[in-house]
Each structure stands twice: as C-alpha cells, then as structure tokens.
Amino acid sequence: MEETGKKGTVTSLASMFPVEEALKGAKRVQETIYEKEKDLGHLQDFVAENSNLVNLVKKLPEELNHDIMVPFGKAAFFPGRLIHTNEFLVLLGEGYYVERTSKQTIEILKRRENSLESQVDSLEAMIKDLKAKASFFDTMASEAAEGLVEIREDYVEENSSGWESKPVPTKQNASIFPEAENERVVDDEEYARMISRLDELENEELAAEKEDESDKNEKDTAQLNEISYQKELDYDLRDSENFRSKKSLEQTSGESNATAAFPNKHNDQEDLTDDVNYIGLVVESSSRDEPSEQKKLENNMKILKSSDKSILPREVKENVQAASTSRSEVQLQSSKPAFDSHKAFTGSIVEHTENLQTSKENSTSSQVSSIQPSKPVSRFKMQRK
Amino acid sequence: MDSHPKVQKYEEFVDGRLKPDLVRALAERDKVFEQQKVFSDLRRNIENLEKNSVTSLQTLVNLGSEVYMQAEVPDTQHIFVDVGLGFHVEFTWSEALNFITKREEKLARQIEDYTQLIASIKAQIKLLCEGIRELLELPAERTVPERVF
C-alpha cells in the first residue's frame, strides 16, 4: 500500500468534475435536446402538410371546378370556385414561380418530401447523439456524487524487483508475438497480392483465348447448322413426298394418330420433334438444343403456313379439326419445291433465335412470311448482338 | 448585510413576475397590431374594388407550401368577413366597411390599453430597480448615463 501510495495518485472524480458542473452540463444538453425535438416536431408537421398537399394536388384535377371560399385577405372570403384545376403555380425558391401540371407538381413535392425526410433523419441522429451525451453527463454526475476516485499510477520498468520479474516474460511474449504475427500478416498480404495478380493475368489470357474460340465456334456452328438444315430440307422434300403417298394410304388412320400425337407435343420437346417427324416435315434432328429445334419448328411452320398455329407447342391442344386441316394444307404445301423453305430457313435462323421465346405464339407465321424477302444476315452477326 | 434579503426579494419579483408579464403584454399587443393591419388591408382592398367597380375577379389561392391555383369569383358583391370566434358574416361592401371601421376602433382601443399596461409594468420595474439601488446605497448617477446611452 505504501509503495503504491508513493507512485500513484488518487484523485476523486468530484474534484475533477464537480457535481454541479456535471449537472449543469446535463441540463444544458437537455435543453438542446428539447430545442431539437421542437425543430423535429416542426419538420414532421411540414412532412405531414406536404403529404396532404400531394393528395390534394392529385385530387384537384379530377374535376373541372371546385366550389370554395376564395380567401380575400386574412379576414374575409368570397364565395367562388377553383378553375384551371390542372394548372399549379409552384414556388421554386428565391421568389421564382413556375406553372406546372398536377403530375409535375407532385414530382416537385416528392422532391421536397425527400429533402424533408433527410432533414428529419439527420435531426433524429443528432437527438440520439445528444441523449447519449446527456446520459453520460448524468452518470458522471452520479459517480462524482458517490465519491468515485480515479487512481493513476505511472508504469516504471526499471524497478524490476521480485514481484515485478514475473510479468516480464509475459510481456516479452506479448511483444514478440505481435511482431511475428505482423510478419506473417505481411507475408500473407504479399502472397495474396501475388496470387491475385497471377489470377488476373490468367483470367486475361483465358478471356482472350475464349474470344478467339467463340468466334471460331460461332462460325463453325453456323456452318454446321447450315449443313444440317440443308439436310433437313432434303429430307423434308423427300419425306413430304413419302408423306403424301403415306397419307393417301393412311388418310383415316393417320388422322387418328395425329390426334393422339398432338397432345403429347405439349409435354415434351423431344416428343414434339418426333411428332413433327411423323407428320413428315422434319426428319433430321441434328442437335438437341432447344433453339435449333424451335428453328426446325419454324421451318415446319413455314411449310404449313396458314395452319401453323395449331402445331405450335402452346396450342397443341387445339382441336383435332385444326390438325386435320393442317394435314390437308401440308399436302398442298409440300408439293412446292424446297426453294421456298430454303428462304424460310435463312429468315428463321436470323430472327427467331432471338425473339422466339416471347413472340412464338402469335406472330411466328407473320414473321416468317415477312422476313422471307429480307436480306439474309449472317448468323454470326446476329449472335453478336 | 440586513438589506440583502429585501434586495433579493425585489429582484425575484422583477425577474419572476414583472418581466414575464411585460413579455406577455408585448406579445398580445403585437397580435392586436397584426389584426389591425389585416383589417386595414381589407378596408383598402374593398375600397379599391368599389373604386374600380369590380364585379368578378380572378385570384390565386394558396393551397399550402406555396402552391397556388387560379380561382374565380363570379360575384364580388357579397363578402364574408370574420367577426371573431370563427364566425363569418355575409356583408355587402358598405356593410363590410361599416363593420371594419367599428372593428378598427375597437382594435385601436385594445392597443391603447395594452400600451398603458406595458408602460405601467415598465414603470414598476424601474421603481423596483431604483429601490434596489437605494437599498444597496449606490450612487444614482451611475445608471442614468448608461440608460441614456
């Protein structure tokens, strides 16, 4: 006890911060809080007024006239009415007024509201801050009143006597470890930086390669598709001929088959192609991905022209009668040379990969026919879009 | 000092009673002044209408927050004037002018009353201050130049 008494100092909190002073501080802070809260109340009034006004401005143009008492000075009114209910004169500030419509006025008011809200927020944060301060002053005052003391003792390293030798190793440890840790941290940081740099470079390389490859791929696929389509068309021709003969043979049974097959289309894309094959328009299914299948469908649609709606996947469930009419159409169309469908192919590839998903149902037939004459754009170009 | 408690009592009276009274009286008088201005404006406006023999007029109505809309008054012959306590009476122009002159007289009387009240409160404050000064035996001349300045 004697030793510590020599080295340290004991000051009561009350002597540093007198109780009255702390209380005075707390009181002052309370006063500021009160003032700020009053301001906040004003601001909230403004916000409420603003929202009321927004409602009013929204409602006023609903009618041509509103009967009101027109104020004439502060103490008098005339019976009158509001006219030009969609014309508002709004103060922008600095004495400048603009004539605005209801909607534009509401926009202005919304902006005002936003600024008011931000003011309210900042004021609330301020009040929170002040309250924390006030509570701090209060606790300080109460602590000072309780007679709390502050004990301060300077640390002196030289006097390492018996009881002080113990803490030394721990201190050393403490001092060594942070350094090691720091070093490791630095190492780690450097390592991470290097790795990230390497990753970056690698990514760049990869991206460059991919770009080349994708260019090539696109060309390749375009070529492939062309080939496959041509094949398809050949098949179409041949098959349509087959179909014709088959159809004349199996007119009745084919129809019943079709009725069974059409609902299935709705279930599965795979089925869909099969069914289509059955009808004899597409034989080749070169790739299984959806777009190409849908392109094929497009081709079919072209050949089927007027009746294509009944074959579209979404409307497969349409009645069998439509299907049967389509079959008769097919017979008519399929006798045409492949040239026609060839044109359709260029058109369909270009356009329908993009917007097939959305406008499949209603506009395919018109699109196909309308696109036909348009210049064939390379598939490669289109995909770049 | 035996005079000290008395001085404190006087000071308390001045600070706690007379000064708040004075502030309140001033606020009341300001309100009445405002009223007077409102009615004199109204009188001037009605006289203006009469002079120009306006039968219908267009004005802008404040919807709040400085947003204005056009309004139309088809007939200006009848005017509703605030007579107090939230009542508005329909007057013709001449009736309104009669009412306004009466109202202005009343307001002028009220202002006179308030002015006298304020003067008396000020006089009391000054009296007490003099009393305190005498109790503390301070020279009278010291305060006067300050006041004049």
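Reply: Start with a cut-off: a residue is called buried under 20% relative accessible area. This is a predicted model. Of the 385 residues of chain A, 30% count as buried.

Me: What makes helix 3 and helix 4 of chain A roughly antiparallel?

Reply: The angle does. Helix 3 (residues 19-59) and helix 4 (residues 102-146) of chain A pack at about 165 degrees. Angles over 145 count as roughly antiparallel, so helix 3 of chain A is roughly antiparallel to helix 4 of chain A. Their axes lie 8 Å apart, and the crossing is left-handed.

Me: How do you know that strand 4 and strand 5 of chain A pair?

Reply: Count the bridges. Pairing needs at least two. Strand 4 and strand 5 (residues 96-100) of chain A are joined by five bridges, and they run antiparallel. So they pair, because five meets the cut-off of at least two. Gly93(A) has Tyr96(A) in strand 5 as its bridge partner. The hairpin has two residues between the strands, and Glu94(A) takes a positive phi near 60 degrees there.

Me: Why is strand 4 of chain A also said to pair with strand 2 of chain B?

Reply: The test carries over. Strand 4 (residues 88-93) of chain A and strand 2 (residues 67-73) of chain B share three bridges, in the antiparallel sense. At least two are needed, so the strands pair. Val90(A) stands opposite Val67(B) in that strand of chain B.

Definitions and conventions
Residues numbered from 1 in each chain as written. Chains lettered and ligands numbered in written order. Predicted model: local features only at pLDDT ≥ 70, side-chain atom pairs only at ≥ 80, totals over all residues. Heavy atoms only, no water. Buried < 20%, exposed > 50% of the residue type's maximum accessible area, 1.4 Å probe, protein only. Helix = DSSP H or I, 4+ residues; strand = E, 2+ residues; numbered from the N terminus. Axes fitted to C-alpha atoms, helices over the stretch in contact; angles between N-to-C directions. Parallel < 35°, antiparallel > 145°, perpendicular 65-115°, else oblique. Left-handed = near helix turned anticlockwise from the far one by under 90°.
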